[in-house]
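Here is a short report for a reader new to this structure.

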Amino acid sequence: MAQSTDRMSLQMVSTVSNSSLLQPGFSLLNFDGHVFFFGQKGWPKRSCPTGVFLLDIKQNELKMKPAFFSKESCYLPPLRYPALCTLRSDAKADEYQYIIHGGKTPNNELSDKVYFMSLVSKTSKKITFQCIEKDLGGDVPEARYGHTINVVHSRGKSMSVLFGGRTYTPLAQRTTEKWNSVVDCEPSVFLIDFEFGCCTSYILPELQDGLSFHVSIARDDTIYILGGHSLQNNTRSPNLYKLKIDLPLGSPAVTCTILPGGISVSSAIVTQISDAEFVLVGGYHSDNQKRLVCNTIVMEDSKIEIVESVSPEWTPDIKHCRMWFGCDMGKGSVLLGIPGANKQIIPDANYFYILRCKREEDKEEELITQICSQTSSEDAGDTAPLEDSEEFCFSAEANSFDADDADTYNEDDEEDESETGYWITCCTSCSIDINTWVPFYSTELNKPAMILCSSGSGHWVHAQCMDLSETTLLRLSEANVKYFCNKHVDLNKGLQTPQKVVGLKKPPMKPLRKKKTMKLSTSTKKSFLRRLFE
């Protein structure tokens with residue numbers, strides 16, 4: 001395979017504090033050359049109720065300032081691993097807005113909603129967005145994460161195309177060993193007309209497996225899908241798919257072609273260096289093998305060519321780290337991060353690098369951040385192999401807000417997220433420990449079994465800590481049965497015991513009137529008796 005002669009450069013960036021705000025799975029939005037962070041792991045607090053921050057890198061420092069929403073805006077939860085892209089009125093329009101679909105909430109619930117975000121006003125002190133939720137009809141895509149969405153233009157019309165992703169196992173199919181586990185979404189292609197709010201799904205014979213954390217690049221009426229991971233087969237697709245969307249006056253036509261020259265990779269980053277040229281960076285060959293090779297992608301005249309690029313001189317830290325994460329910065333630049341060493345004073349600290357993929361004549365341009373490519377990562381707290389869905393995402397240490405800002409970020413404001421995963425303290429006597437846990441039930445594989453307590457809005461408890469028998473656990477797991485933990489068992493009894501009904505007081509009955517009797521004379525009585533016996 002031919003190699004591109006463009007040389008890449010790698011520069012280290014100094015790290016700063018407040019790393020708990022930026023967590024794996026967030027996205028970057030670009031408006032007028034300014035990049036904005038979206039998708040913090042916890043729920044937004046008073047420091048930034050919108051959860052959207054201006055992200056600024058100057059002189060090797062990363063600063064964040066909270067952004068605001070207009071009064072007409074809806075609430076936008078912080079979503080990690082959503083699909084997002086820009087939407088323009090036509091292919092050459094300057095004004096645009098972002099489409100945000102799906103993603104995970106801080107409670108690890110999946111969203112099926114669609115949001116439109118646009119810039120309303122921008123001053124040196126305040127940036128205001130408008131966020132609107134869009135209702136859809138027809139074949140509405142189910143809640144998912146790790147998917148992609150793109151916009152195509154054909155015959156003067158535009159459509160959005162959604163593909164891939166993962167979702168939770170349906171409730172009716174859940175058992176203990178796969179409780180809250182994820183599955184591949186069906187390999188359907190969704191065409192969404194946001195002008196009329198309608199969706200149509202297409203099943204194409206060339207797309208047999210669901211894919212997540214793939215790369216998708218749109219140009220005119222064509223979308224190229226590269227790589228991606230299939231949970232069902234535990235493979236990374238080597239195929240390169242070409243989706244062509246024709247939008248005539250009648251029904252749209254969707255065709256798929258499998259092209260040669262694909263790359264078996266997942267969770268890679270794509271940055272654009274010219275109108276028809278892109279660079280593919282990073283990703284994974286397998287759960288534990290990083291992909292250190294870079295590629296140049298050239299798209300011209302409805303054709304695509306992928307050639308290997310001259311990779312930068314990776315540092316020893318990057319080469320030997322178990323995972324890495326990053327995001328497109330625009331103008332051919334990528335921000336890469338690797339976990340810090342355990343010996344560091346700050347345990348959450350990460351090391352960061354800027355990878356410049358631009359041509360030599362463009363390297364002196366100012367870095368202008370643009371939309372984040374579809375990448376992902378989860379926390380790597382243990383040493384188990386990473387799922388592909390939890391591998392590769394931009395994550396950074398964020399500097400404190402400027403001293404002149406009225407609002408400041410306080411880590412104590414964040415919700416305690418230890419209550420949202422398997423490794424929780426579900427009761428005062430909880431015995432589940434991430435370091436010592438071993439399977440207790442015969443149906444457990446990698447994680448302890450959990451049951452949802454139905455008290456209030458519900459909370460998760462470990463089945464082992466609740467002293468549930470395996471038979472009871474299976475019955476509760478396979479059916480939609482209300483269950484109450486030991487702490488709320490009294491509530492359960494209260495629901496099962498009929499409440500005492502107070503009898504109605506009956507009004508006293510009115511005394512009957514005495515009937516008036518007629519007094520008869522003696523002669524009348526005798527006459528009556530005589531007639532009676534005759």
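His 488 counts as partly exposed, at 22% relative accessibility. The model is a predicted one. His 488 sits in the loop between helix H2 (470–478) and helix H3 (489–496). Leaving aside residues up to four places away in sequence, His 488 touches Cys 453, Ser 455 and His 459. With Ser 455 there is also a polar contact between the side chains, at 3.3 Å.

UniProt, in an unreviewed entry, lists His 488 under "binding site". His 462 lies in strand E37 (residues 459–462). Is His 462 buried or exposed? His 462 is buried, with a relative accessible area of 0%.

| Residue | Relative accessible area | Class |
|---|---|---|
| His 462 | 0% | buried |

Five strands form an open sheet, ordered E12-E18-E17-E14-E13, with mixed pairing. Strand E12 (137–138) and strand E13 (148–154) are at the edges; each has a single partner strand, so one side of each is left without a neighbour in the sheet. Strands of a sheet pair through backbone hydrogen bonds, either parallel or antiparallel.

In which sense do E12 and E18 pair? E12 and strand E18 (residues 198–203) pair in the parallel sense, over two bridges. Gly 138 stands opposite Cys 199 in E18.

How values were computed
Residues are numbered from 1 along each chain as its sequence is written. This is a predicted model: local features need pLDDT of at least 70, side-chain atom pairs count only at pLDDT 80 or more; totals for chains, interfaces and linings use all residues. Side-chain values use heavy atoms; hydrogens and water are left out. Two strands pair if DSSP finds at least two bridges between them. Helices (H or I, at least four residues) and strands (E, at least two) are DSSP runs, numbered from the N terminus. UniProt positions are given in the numbering used here, feature names are shortened, and annotations may be inferred rather than shown by experiment. Buried means under 20% relative accessible area, exposed over 50%, partly exposed in between (1.4 Å probe, protein chains only). Contact means heavy atoms within 4.5 Å. A polar contact is a pair of N or O atoms within 3.5 Å; within protein, one must be able to donate a hydrogen and the other to accept it, and residues adjacent in sequence count only if both atoms are side-chain atoms.
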